[in-house]
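Hi everyone, thanks for making time this morning. I'd like to walk you through how the pieces of this protein pack together, so please have a look at the screen.

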Amino acid sequence: MSVRRRFYARPLLATAASIAVLTGVAATAPAATPTAAGSASPAAALDDTYYQGALGKTGAALKSSLHTIISDQTRLSYSQVWDALKATDEDPANSSNVILLYTGRSQAKSENGGDSGDWNREHVWAKSHGDFGTATGPGTDIHHLRPEDVQVNSIRGNKDFDNGGSAVSGAPGNYTDGDSFEPRDAVKGDVARMILYMAVRYEGDDAFADLEPNDSVSNGSAPNIGRLSVLKAWSQEDPPDSFEQNRNDVIFEQFQHNRNPFIDHPEWVEAIW
């Protein structure tokens with residue numbers, strides 16, 4: 001693949017800042033803010049309850065424990081996903097809008113559909129990677145479904161994730177080539193943690209494929225997605241921010257009643273992979 005690389009790094013413990021007011025264009029979408037050192041985290045209150053069975057474990061044992069924990073969830077239909085995304089991805093500066101994943105654009109919740117200029121439902125773990133379609137299960141799991149511009153969603157298609165490529169029209173900061181897609185810096189970690197959530201949640205024991213990340217960018221219809229080494233780096237470089245944490249809370253409290261553990265405990269990425 002072609003390589004276009006500028007080093008992207010973000011301190012893991014940055015000073016928390018308020019989310020900037022959005023103007024509805026990608027260039028002014030807020031730079032998400034990592035949780036400040038020493039500030040309260042959802043995990044602090046959840047470790048003695050929700051994550052109790054996972055604490056102190058690493059590797060396969062941690063992955064297995066987390067799978068058991070997060071598999072206890074309410075499942076949505078694909079039509080219910082529309083309304084769910086309007087809540088999970090609501091623009092904090094404009095409650096009538098959602099924030100689109102790759103473009104960062106703030107767009108009216110009502111402008112959803114399949115026409116040019118609309119936003120639709122992007123499967124971050126491409127549904128052809130494991131052939132799960134939009135059946136209730138991985139195809140409707142809103143931990144990896146995000147609002148996105150119809151055309152940009154089509155450009156991403158079912159490509160794996162990696163660094164490099166040519167600029168994506170209409171989505172500043174995103175790059176693509178024939179076999180991969182690189183999202184904008186502000187959501188690189190979000191993408192990584194969504195992929196790794198899917199790998200823990202869907203282990204082949206519920207009539208769906210066993211989803212696993214690997215280091216390839218040519219996975220086709222296999223139940224794999226990559227590039228794992230890059231996803232791990234993205235998770236490190238772009239730690240969870242207030243928007244991502246709030247999204248996890250809304251999914252837990254209002255919709256699926258399960259959590260993405262890698263948002264609450266980013267260190268578990270390295271503990272498993």
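**Helix packing and the cores**

Let me start with helix H6: its buried residues pack against strand S6 (160-161), strand S9 (180-182), H5, strand S10 (212-213) and H9. Please keep in mind that this is a predicted model. Which residues of H6 are the buried ones? They are Leu228, Val230, Leu231, Lys232, Trp234, Ser235 and Glu237. With seven of its ten residues buried, H6 is therefore largely enclosed by the rest of the structure.

In general, nonpolar side chains in soluble globular proteins tend to be buried together. Here the largest nonpolar core has 39 residues, and the ones touching the most other members are Leu66, Tyr102, Val124, Phe161, Val191 and Ile195. Two or more residues come from each of helix H2 (59-70), helix H5 (188-201), helix H6 (228-237) and helix H9 (268-272). H5 is the biggest contributor to this core, giving eight residues.

Let's zoom in on one of those members. If we set aside neighbours within four places in sequence, what does leucine 66 contact? Its partners are Tyr51, Ala54, Val200, Pro261, Trp268 and Ile272. There is also a second, separate core, with 14 residues, including Leu85, Leu100, Trp119 and Ile251.

On to the helix pairs. As a reminder, two packed helices are described by the angle between their axes and the distance between the axes. H2 and H5 pack at about 90°, and their axes are 8 Å apart. That angle makes H2 roughly perpendicular to H5. Lys63, Leu66, His67 and Ile70 make the contact from H2, meeting Tyr197, Ala199, Val200 and Arg201 of H5. Sorted by class, that contact has five nonpolar, one polar and two charged residues.

The other pair is helix H3 (residues 78-88) with helix H7 (residues 242-255), packed at an angle of about 135° with axes 9 Å apart. So H3 is oblique to H7, and their crossing is right-handed. On the H3 side, the contact uses Ala84, Leu85, Ala87 and Thr88, while H7 brings Phe243, Arg247, Val250, Ile251, Gln254 and Phe255. Those residues divide into seven nonpolar, two polar and one charged.

Key. Residues are numbered from 1 along each chain as its sequence is written. This is a predicted model: local features need pLDDT of at least 70, side-chain atom pairs count only at pLDDT 80 or more; totals for chains, interfaces and linings use all residues. Side-chain values use heavy atoms; hydrogens and water are left out. Axes are lines fitted to C-alpha atoms, for helices over the stretch in contact, and angles run from 0 to 180 degrees between N-to-C directions. Helices (H or I, at least four residues) and strands (E, at least two) are DSSP runs, numbered from the N terminus. Angles under 35 degrees count as roughly parallel, over 145 as roughly antiparallel, 65 to 115 as roughly perpendicular and the rest as oblique. A crossing is left-handed if the near helix is turned anticlockwise from the far one by less than a right angle, and right-handed if clockwise. Contact means heavy atoms within 4.5 Å. Ala, Val, Leu, Ile, Met, Phe, Trp, Tyr, Cys and Pro count as nonpolar, Asp, Glu, Lys and Arg as charged, and the others, Gly among them, as polar. A nonpolar core is a set of buried Ala, Val, Leu, Ile, Met, Phe, Trp, Tyr and Cys residues joined through side-chain atoms within 4.5 Å. Buried means under 20% relative accessible area, exposed over 50%, partly exposed in between (1.4 Å probe, protein chains only).
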